[in-house]
Amino acid sequence: LQIRLPRVLLAGLVGAALAGSGSVYQTVFRNPLADPYLLGVASGAGLGATIAIVAGGPAVHQLLPVFAFIGGLLAVAATFSAAGSLFADPRNLLLAGVAIGAFATAVQTYIYQAHTDALRQVYSWIFGQLTTADWPTVISTAAYLALSMSILILISRKLDALLLGDDEAISLGVNPRRIRLIAILAATFATATAVAASGLIGFVGLVVPHLVRLLIKRATNLALPAVMLAGGAFLILADLLARTVVSPAELPLGVITAFIGGPFFLLVLRARNRR
């Protein structure tokens with residue numbers, strides 16, 4: 001109850017956040033290959049966590065999620081600033097996110113080289129881990145995600161209008177710029193919260209939305225609750241594999257999701273190129 005249950009619940013929460021955010025990003029950017037880390041959240045959170053680890057001290061484990069959360073949000077703020085506006089064209093946001101992510105990664109690499117003694121701990125966090133899961137982390141993560149995920153579910157019907165294009169969305173009474181901004185901020189907040197709790201876990205936000213749409217034959221955001229449930233189940237299963245495949249050792253959670261998500265990413269890309 002004190003060790004295993006918090007870890008299972010945290011895996012479910014993080015998986016739901018990443019899958020739901022990925023589904024929303026794919027709608028907002030009209031790109032089936034979009035994932036929750038597009039706007040520099042991953043690189044910013046990784047830089048924040050690296051600074052916390054290098055700072056050291058007995059309180060590093062308590063500070064790490066805080067630094068990661070702040071780093072992720074600052075990176076997204078820098079992305080919006082570089083794109084020129086909170087209402088910037090999605091393509092400009094993508095390009096700005098790539099640039100900010102590259103810059104944050106460069107700074108992070110520099111810190112690695114200056115503090116090689118902290119490399120192992122940094123890499124452990126970067127590849128995703130739930131070994132430090134406890135009840136305070138579960139409760140705080142659940143509170144933040146309840147807010148952001150609720151917002152995304154409430155606007156899911158309006159998000160579907162974006163799939164038709166901005167002109168059609170306006171004709172349906174939807175303000176595409178405002179809905180796009182709310183969706184990006186809520187999804188990014190959810191992603192930063194997940195990253196702060198578990199480290200960087202890739203491919204969940206890319207793989208799960210596609211699998212759910214294939215299974216239930218619904219391409220709309222009304223399937224968002226199902227995507228979140230599937231994301232939670234997916235990451236709980238991945239965490240089980242991470243703990244047991246090379247037991248008594250433990251694989252980084254990001255390695256398991258990459259083994260599954262990498263080939264799936266290539267299949268989606270190939271299918272898109274055929275179309």
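**Helix H6 and its surroundings**

What covers the buried residues of helix H6 (residues 135-154) includes H1, helix H7 (156-162), helix H9 (176-198) and helix H11 (224-244), where buried means under 20% relative accessible area with a 1.4 Å probe and protein chains only. This is a predicted model, in which local features need pLDDT of at least 70 and side-chain atom pairs count only at pLDDT 80 or more, while totals for chains, interfaces and linings use all residues. Residues are numbered from 1 along each chain as its sequence is written, and side-chain values use heavy atoms, with hydrogens and water left out.

**Helix H6 itself**

- H6 has 20 residues and reaches 28 Å from its first C-alpha to its last, close to the 28 Å expected at 1.5 Å a residue, the expected span being 1.5 Å times one less than the number of residues.
- Its buried residues are Val138, Thr141, Leu145, Ser148, Met149 and Leu152.

**Packing of H1 against H6**

- Helix H1 (residues 4-28) packs against H6 at an angle of about 25°, with the two axes 10 Å apart, and the pair is therefore roughly parallel, a term for angles under 35 degrees.
- The contact, meaning heavy atoms within 4.5 Å, involves residues of H1 including Leu5, Leu9 and Leu13, and residues of H6 including Trp135, Val138 and Leu145.

**Thr50 in helix H2**

- Thr50 lies in helix H2 (residues 41-55), and because its relative accessibility is 2%, Thr50 counts as buried.
- Leaving aside residues up to four places away in sequence, Thr50 touches Gln108, Ile111, Tyr112 and Val122.

Notes. Axes are lines fitted to C-alpha atoms, for helices over the stretch in contact, and angles run from 0 to 180 degrees between N-to-C directions. Helices (H or I, at least four residues) and strands (E, at least two) are DSSP runs, numbered from the N terminus. Angles under 35 degrees count as roughly parallel, over 145 as roughly antiparallel, 65 to 115 as roughly perpendicular and the rest as oblique. Buried means under 20% relative accessible area, exposed over 50%, partly exposed in between (1.4 Å probe, protein chains only).
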